[in-house]
Amino acid sequence: MALLWSVVSVGFSLLLTPFLMFLLAVLFLASIGKSLGVRRLYVKLLLAIFEFGRQNIEKVRKSNRNWEPDESEDESGTSEDTGNDTTSANLPRNYKKYNAAEKKKNGVLGNSVIARSKDLIMVPEPEMNNKNHINHVNHSHSYQNTLEVNGNKESSLPREDSFEMLKREFDTSTCLDYIKAGVEAIIEDEVTSRFEAEELKVNWNLLTRTNRHYEFISWKLTVIWMFGFLMRYCFLLPLRILICFIGAVWLVATTFLVGFMPDGAIKRWLSEHASLIAFRIFVRSVSGVITVHNPEYMPKGGGVCVANHTSTIDVGILSAQTTFSLIGQRHGGFLGILQRALARASPHIWFERSEVKDREAVTKRLKKHVSDPTNPPILIFPEGTCINNTSVMQFKKGSFEVGGVIYPVAIKYDPKFGDAFWNSSKYSMIQYLYMMMSSWAIVCDVWYLPPMYRQDGESAIDFANRVKAVIARQGGLVDLQWDGQLKRIKPKKAWREKQQEEFSKRIKFE
């Protein structure tokens, strides 16, 4: 026992000095916003390891002569969950049952018997759906069926049946599109899947939270997985926690001191640099690798910056580049401590979403904030909730009513290195940070887009949809009209009534 203790003491004394030097180097580089390129080399190494793992998995599959495609596999022989072929008999015996259960839970039942309808898409505002084949011009809605006759397509005339005709002869094709859309929504709707972790489409990233029992498919992958486990939990996790703690202490201490200073240029300068250093340290605590595009369009004072929302990390990613005033839901716990610290040194707006008075006060404060060009740009996430970075959902119109310039920003994370999505209804902030710090890294692209202005005669809703479309297109995200609050509330009655009204327009009475 004494010998073991001596070995541990010697090892600790030998490693302590290099560890502290490494930590100080990380903090110093973060404080000045510089990098030696080590994190990007680390990401390239991870990509090479992931590719080796993918090739190893395929090699083991091909070596099994008795392997047959599973029924849950698509025609190309790739699994929708992982982007790879389904597993061979060399995998654990319960794998196929597990994989089929996962697909059933996600609404994927073998080959897609029911394809997603392109002619009829259920949306909260049917008249805004440009992809719908129903023509809404001068309130004249025509319905057209396409028939296959000897290989030739014939278009039927628009339906204009009288009520008496419908009583004598009812054409079931009138409602088949809605039945089909309803069945599609039951299998997999467009909203629920946006609040679940994004599935990997390429290969396994050596994380047990995303695996399909691949860590035991061969001894090579087992060794790599075990080494990665020790690397993440025994070295990276403690180091990242320490860096995050230092960043939090720095933020609380500096904002506390800056808060005592009188308003003026000196206070703004100190607050700006204290915030930049703190958020750069936070980004280092998750091994963030950020690729910035179009930095010339970075938001300027007095404007409003709007971006798609995946997690609270979005704030750190953007605030590590420039200083923002923040607006958002008031939180408790660790996140609440940071919110109160930030509010002491610069103008931030925290509110309770459930309080009507708070929402009215927020609108007034927004207008006052953007009217002063000395204020930092205000950062808003108009979706109002976190989405899994596969789509952009409805933008609230409030931030587009205050006037002034809008700076759109698109953020796209790479899920291969870690899932940045925060499911706040499932994980607390501490649990989420633990998951991020035990992942490989947070890798993302940030596009600063040209500033946009509200056009003459354009409503706030139309302006919000125009900005949302630009962000979705640049980030490669799906542009959805649904309200992100659907993960907390039931659909509005008005939406059901709009669908009923839309259906009634397809049946014309003379």
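User: Among contacts in the protein chain between residues at least 6 apart in sequence, what percentage join residues at least 24 apart?
Analyst: The model is predicted. Contacts here are heavy atoms within 4.5 Å. Counting those between residues at least 6 apart in sequence, the share that joins residues at least 24 apart is 76%.

User: What part of the accessible surface of the protein chain belongs to carbon and sulfur atoms?
Analyst: The protein chain has 510 residues, and 45% of them are buried. Its accessible surface comes to about 27,900 Å². The part belonging to carbon and sulfur atoms is 60%.

User: Why do the buried residues of α11 line one face of the helix?
Analyst: Helix α11 spans residues 429-437, and its buried residues are M429, Y432, L433, M436 and M437. They pack against α6, α8, α9 and β10. Seen down the axis of α11, these buried residues line one face because they fall within an arc of 130°.

User: Which residues of strand β4 point the other way from V304 and V306?
Analyst: In a regular strand, side chains alternate between the two faces of the sheet. Strand β4 covers residues 304-307, and V304 and V306 point one way from it. Those pointing the other way, also buried, are C305 and A307.

User: In β9, which residue is the bridge partner of A307?
Analyst: β4 pairs in the parallel sense with β7 over three bridges, and V306 has I380 as its bridge partner there. β4 also pairs in the parallel sense with β9, residues 406-413, over four bridges. In β9, the partner of A307 is V409.

Note on methods:
Residues numbered from 1 in each chain as written. Predicted model: local features only at pLDDT ≥ 70, side-chain atom pairs only at ≥ 80, totals over all residues. Heavy atoms only, no water. Buried < 20%, exposed > 50% of the residue type's maximum accessible area, 1.4 Å probe, protein only. Areas by Shrake-Rupley, 256 points an atom, 1.4 Å probe, with all protein chains shown as cover. Helix = DSSP H or I, 4+ residues; strand = E, 2+ residues; numbered from the N terminus. Arc of directions from axis to C-beta. Pairing = 2+ DSSP bridges.
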